[in-house]
Amino acid sequence: MLSDIEIAENCKLKDIREIAKKLSLDEDSLEPYGKYKAKINLNKVKPRSKLVLVTAINPTASGEGKTTVSIGLADGMARLNKKVCLALREPSLGPVFGIKGGAAGGGYAQIVPMADINLHFTGDLHAITSANNLLCAMIDNHILRGNGLKIKDVYFRRCMDMNDRALRDIDLNCTAGAMKGCADYNRKESFEITAASEIMAILCLATDIADLKKRIGNIVVGADADGNFVRAKQLKADGAMATLLKDAIKPNLVQTLEGTPAVVHGGPFANIAHGCNSIRATYTAMTLSDYTVTEAGFGADLGAEKFLDTKCRIAGIQPDCVVIVATVKALKLHGGADKSSLDKENLTALNGGIPNLLKHVENIKNVYKKPVVVAMNRFATDTQAEIDTVLKACQGADTKAVFTDVFLNGGKGGEELAKAVLTECEKKTELHFAYDLNDDIRTKIEDIVKNIYGGDGADFSSVALKKIEDIESKGIKGLPVIIAKTQYSLSDDATKLARPEGFKITVRDIIYKGGANFIVAVAGEIMLMPGLSKVPCAEHIDIDENGNISGLS
């Protein structure tokens, strides 16, 4: 079989204006970036379509193919003559050159032009990085030039769109002031990956330029000598930052290999941010189609929880159906199988891993009260006994499960899944939440752990408790909580696979994101700046003298 990049490069793409016509999008609302990409500038949106959320079990080293299934599902719906649009996140260069690879799907279920999307695309992430680092430069310049705001502690961090563990802890020495008679200073600093930055979160939550600028102005950059928060608008940084993001805030339009429209915009990670594409992109897709297929990052305990408890609340939307993606191989890994033997039938390991899938199913059905379809990404090595075991387990949970072949067959392999999803979309349901927005911060965190992770609650470090007290003493309340933790487990311990019980998560830090307007609880050993693996994907990516790219996936 051809590689992902070979399949993508051999595809005959349609002109982006032809794709826009499928959404009844006029050329006045389209800003082409070449022949196959465009920005959408839709002034008025009226979300009306059915919304399908695609999520997954806790990810494993074998991969689950959530984006691939999302694309194959949309193509399958299009084959059933439905007016459908994808709403996906943009890839980050960190995973592209790191261990995970790109985020444009795989096999015959991809969005294209794949290389462009996985690399610089339309420059959105670079604009976010620039806006973020402009604020950092203005903070340090303000302090050097006399520090009129009396900033004592700086909270806001620089970012870059790359995995680089060397930037997790650095010394910042500002000595330029000595030449001008100003005081020099130094402090500890650290970088975040762009996908974890507050600017990324803000871009994905802002509804328009005015909202974007307001949110940027409310960013808490640090605290003054009296313990009061200092915000970006006090540095007069909001106008310039919003200007840098004037094009980045517009969603991007591309297509699948089969010509299904795809709105791709924003890229926050689900394990360290809120893990969903932009509200503007979702609104746009829901305005222009009858069915919108979107995804949330990593497992349903991370991306789906944040989509449902945070994004849906802020955007005023709710899914009509939730698809949970898994594979037989991944479930066997959760059940203790060795990675080297996943091609062999192992019903013991499979039965040991299935509880992870069923916990996510229970969460969607019993906590959020939404219909569920399980999408099993089929592999050639899946035996009939293994397939029957999964189907029986899902049947016992009163949940429809479908084995899909979208990787090999694109939309044709997703038709059965599409039919199941369309049926569930007709059910009338109302979204419930995992926690009460008006509860205190500790209660909300503990409710997520108990209701979604299946744990017994949370232990808080003295640092976290002090920050919670400080935030709540300032009258800041009623905000969603984003838990940053490992994606590999329902707990905050990556080694606890399947469905652990009797655990607590450890909250070591609390961060108030004043612009994004949510609280981040940092649990376990999660890092906001990932590092490269021993053999990063970058070692296998190359380009020849004719401009042909290899190794990109």
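This is a predicted model: local features need pLDDT of at least 70, side-chain atom pairs count only at pLDDT 80 or more; totals for chains, interfaces and linings use all residues.
Visitor: How many salt bridges does the structure hold?
Guide: Side chains of opposite charge can pair when their charged atoms come close. A salt bridge here is a side-chain nitrogen of Lys or Arg within 4 Å of a carboxyl oxygen of Asp or Glu. The structure holds 28 of them. One of these joins K332 and E386, with N to O at 2.9 Å. K332 lies in helix α12 (residues 328-334) and E386 in helix α14 (residues 384-396), so this pair ties together parts that are 54 residues apart in sequence. Helices (H or I, at least four residues) and strands (E, at least two) are DSSP runs, numbered from the N terminus.

Visitor: Are K332 and E386 buried or exposed?
Guide: Buried means under 20% relative accessible area, exposed means over 50%, and partly exposed is in between (1.4 Å probe, protein chains only). K332 is buried because its relative accessibility is 1%, and E386 is buried at 0%.

Visitor: Which residue forms a salt bridge with R378?
Guide: R378 pairs with D405, the closest N and O atoms being 3.0 Å apart. R378 is in the loop between β18 and α14 and D405 in the loop between β19 and α15 (406-409), so the pair ties together parts that are 27 residues apart in sequence. R378 is partly exposed at 34% relative accessibility, as is D405 at 24%. Elsewhere, salt bridges that share partners join D140, R157, R158, R187 and E189 into one network.

Visitor: Where is D140 found, and what does D140 touch?
Guide: D140 is part of helix α6 (residues 124-144) and is buried, because its relative accessible area is 6%. A polar contact is a pair of N or O atoms within 3.5 Å; within protein, one must be able to donate a hydrogen and the other to accept it, and residues adjacent in sequence count only if both atoms are side-chain atoms. The side chain of D140 makes such a contact with the side chain of R187 at 2.6 Å. Contact in general means heavy atoms within 4.5 Å. Not counting residues up to four places away in sequence, D140 touches R158, L172, Y185 and R187.

Visitor: What is the nearest side chain of opposite charge to R280?
Guide: For charge, Lys and Arg count as positive and Asp and Glu as negative; His and the chain ends are not counted. R280, in helix α10 (residues 279-288), is buried yet has no salt bridge, and the nearest side chain of opposite charge is D208, 6.3 Å away. The R280 side chain does reach the backbone oxygen of T207 at 3.2 Å.

Visitor: Which residues of helix α16 are buried?
Guide: In α16 (residues 415-425), the buried residues are L417, A418, A420, V421, L422, E424 and C425. Their cover includes β3 (50-56), α3 (66-79) and β16 (291-295).

Visitor: Which residues make the nonpolar surface patch?
Guide: Patches are made of residues with over 30% relative accessible area and no salt bridge: like charges are joined within 9 Å, nonpolar side chains (Val, Leu, Ile, Met, Phe, Trp, Tyr) within 5 Å. M1, L2, Y108, F407 and L408 make a nonpolar patch of about 480 Å². M1 lies in the segment before α1 (4-10) and counts as exposed at 60% relative accessibility.

Methods:
Residues are numbered from 1 along each chain as its sequence is written. Side-chain values use heavy atoms; hydrogens and water are left out. Accessible areas come from the Shrake-Rupley method with a 1.4 Å probe; for residues, only the protein chains shown count as cover.
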